[in-house]
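I am opening a new page for this structure.

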Amino acid sequence: MSTIVAPSLLAADFLNLEKEIDMLNRSKADWIHLDIMDGVFVPNISFGFAVTDLLKKITRKPLDTHLMIVQPEKFIDEVAATGSTFMNVHYEACSHLHRVVQQIRERGMRPAVTLNPHTPLSVLEEILPELDMVLLMSVNPGFGGQQFIESSVEKVARLKEMIVRRNLSTLIEVDGGVNLETGKKLVEAGADALVAGSYVFNADDPIRTIQALKML
Ligand code: DX5
Ligand code: ZN
């Protein structure tokens, strides 16, 4: 089975989004990763639903939406309206994570919980069976182009062990500083899906770069 690749639109050329989406449509990318930031949960603001509502009209790939906002439960309907397949909410942003996960599923999306680099895997103990995916941050969220945190590889291996031990089929996705070198280590440790922003969009040939990541 080849690695699931989810290019992050954060690193795309925003003046030419239609062209960028067209490139992704023609590529072997599995999903498109959408990073929504509020300037409160993370120290940056990206784009909002006015943009994602337009994107959904032209993309032919499933959307993997990553909310880096406080109280993500307020926007479940908006994310569902984008036609997103996955809705990723941060563990650190939800007081009632179990309820949010149920609501995401009720709205027809696949729930995923995201952990910041400092957050231990032990917080997943109770919620893991309810999730379709865990998104491990391998940089501190908020910006593209940051340096990969090496200890993420071992964190992936420990999460994989937790999932296998409990006989679950939860996917593991990793986000931040992914390139061919870090991606290879992550896949060997048990990652199913890789998010890649700057590595894909800054490449001379993004289509070939996506293909190379898929072969890891
Ligand atoms: C960071 C975002 C990432 C970001 C990754 O907060 O969640 O999805 O776009 O960018 P790269 O791949 O450049 O580290
Ligand atoms: Zn992301």
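For the first entry I need a cut-off: I count two residues as in contact when heavy atoms lie within 4.5 Å. I also keep in mind that this is a predicted model.

**Entry: T65**

I looked up where T65 sits. T65 lies in strand β3, residues 63–68. Is T65 buried or exposed? I find a relative accessibility of 2%, so T65 counts as buried. Next I listed its contacts, leaving aside neighbours within four places in sequence. T65 touches L34, I36, V79, T82, S84, F86, M87 and N88. I then checked the side chains of T65 and S84, and a polar contact of 2.6 Å joins them.

**Entry: ring pairs**

How many aromatic pairs are there? I count 3 aromatic pairs. One of them is F14 with F47. Their ring centres are 5.8 Å apart, with 65° between the planes. I note that pair as edge-to-face, because planes over 60 degrees apart get that label.

Where do the two partners lie? F14 is in the loop between β1 (4–7) and α1 (17–26). F47 is in the loop between β2 (32–37) and α2 (49–58). The pair therefore ties together parts that are 33 residues apart in sequence. F14 is partly exposed, at 43% relative accessible area, whereas F47 is buried, at 9%.

I moved on to W31 and F86. Their ring centres are 4.7 Å apart and their planes stand at 45°, so I note the pair as tilted. W31 lies in the loop between α1 and β2, and F86 in strand β4, residues 86–90. The pair links distant parts of the chain, 55 residues apart. W31 counts as buried, at 10% relative accessibility. F86 is buried as well, at 1% relative accessible area. F86 was already on my page, among the contacts of T65.

**Entry: nonpolar cores**

I keep a general point in view: in soluble globular proteins, nonpolar side chains tend to be buried together. Here the largest nonpolar core has 55 residues. Which residues have the most contacts inside this core? I find L9, L124, L159 and L186. Helix α5, residues 152–165, gives the largest share of this core, 5 residues.

Leaving aside neighbours within four places in sequence, L186 is in contact with F148, S152, V153, V156, V174, V178, A191 and L194.

Terms used:
Residues numbered from 1 in each chain as written. Chains lettered and ligands numbered in written order. Predicted model: local features only at pLDDT ≥ 70, side-chain atom pairs only at ≥ 80, totals over all residues. Heavy atoms only, no water. Phe/Tyr/Trp six-rings, centres within 6.5 Å; stacked < 30°, edge-to-face > 60°. Helix = DSSP H or I, 4+ residues; strand = E, 2+ residues; numbered from the N terminus. Buried < 20%, exposed > 50% of the residue type's maximum accessible area, 1.4 Å probe, protein only. Polar contact = N/O pair within 3.5 Å; in protein donor to acceptor, adjacent residues only side chain to side chain. Core = buried A, V, L, I, M, F, W, Y, C linked by side-chain atoms within 4.5 Å.
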